Amino acid sequence: MLNKYLAFPLAFCALVSSALAANHVVEQKGKAFSVKSLNVKVGDSVEFVNADPFNHNVFSLSDIKTFDLGSYPQGQSKKVVFDKAGQAEVECAIHPDMILKVEVSE
Amino acid sequence: MKRHGVRAAAVSLMLLGAATASPMAAAVDLPSDVDFPHRDSPEARVYRGSIVFSNYCVLCHGQNADGKGRAAKLYTPPPANLRKSDKTDEYKELIIRRGGAPMARSEFMPPWGAELTEEQISDVVSFLRSIAPEDAPR
Ligand SMILES: [Cu+2]
């Protein structure tokens, strides 16, 4: 019964929160991430763009987010959404020296 | 004892390759009665291959090459246990160069062709041969 009255506000909220969630672009260039650390909000996405003429990979074994976006060539990008607050370390399986710290806050 | 130290130092200098040939080598007073493994000897290749392995492969395949690296839990199928591999050197070289996807294996086995030199690839294949089962096909 309430559905009729809830549907609109709920849809509105969903729209607003997805509009508020930001996308942060990080490049993989010269076997490094373009920044060493990044502050994001819960719900934000980080997009990794490979700007090197060879493959990069992106993965994390952090408590707040465990993922592997695979290996991909120059020009391609992959995205991950950070849905929990805390700290994540993002790495590359091909280049052991590549590390990015992501601080996710509420 | 002392002699052993000098030998080990000289050997590792040698194994670490021509690229890093250092003037220090000349300063080491080499004992004349020891045989150094030649740069192209199987021992030298396996040793260099083990270094490549611990730099790039342990993350997934593990320090012990048994497939239990720290990132192993991310992958299904899991990283191969390279001590039990029944693949030939040729197959290993291909999957290392091209990655898992073009070989109809896991896309999470990365392609290393652009990252490693020809020598590093053949060295790591020699290392994998040295830890493969005796009866595995060559
Ligand atoms: Cu990389």
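Colleague: Why does A104(B) count as exposed?

Modeller: Keep in mind that this is a predicted model, where local features need pLDDT of at least 70, side-chain atom pairs count only at pLDDT 80 or more, and totals for chains, interfaces and linings use all residues. Side-chain values use heavy atoms, without hydrogens and water, residues are numbered from 1 along each chain as its sequence is written, and chains are lettered from A and ligands numbered from 1 in the order written. Now, exposed means over 50% relative accessible area, buried under 20%, and partly exposed in between (1.4 Å probe, protein chains only). A104(B) has 73% relative accessibility, so exposed it is.

Colleague: And what makes A65(B) buried?

Modeller: A65(B) comes out at 0% relative accessibility, so it counts as buried. A65(B) sits in the loop between α4 and α5 of chain B, with helices being DSSP runs of H or I with at least four residues, strands runs of E with at least two, both numbered from the N terminus.

Colleague: What is the phi of A65(B)?

Modeller: Near 60 degrees, which is positive in a residue other than glycine. A104(B) also has a positive phi, about 60 degrees, and is not a glycine. Most residues other than glycine have a negative phi.

Colleague: Which peptide bond is cis?

Modeller: The one from T76(B) to P77(B), with omega near -5 degrees.

Colleague: How do you know that β4(A) and β7(A) pair, and in which direction do they run?

Modeller: Pairing takes at least two DSSP bridges between two strands. Here 5 bridges join β4 (residues 45-50) of chain A to β7(A), and the two run antiparallel.
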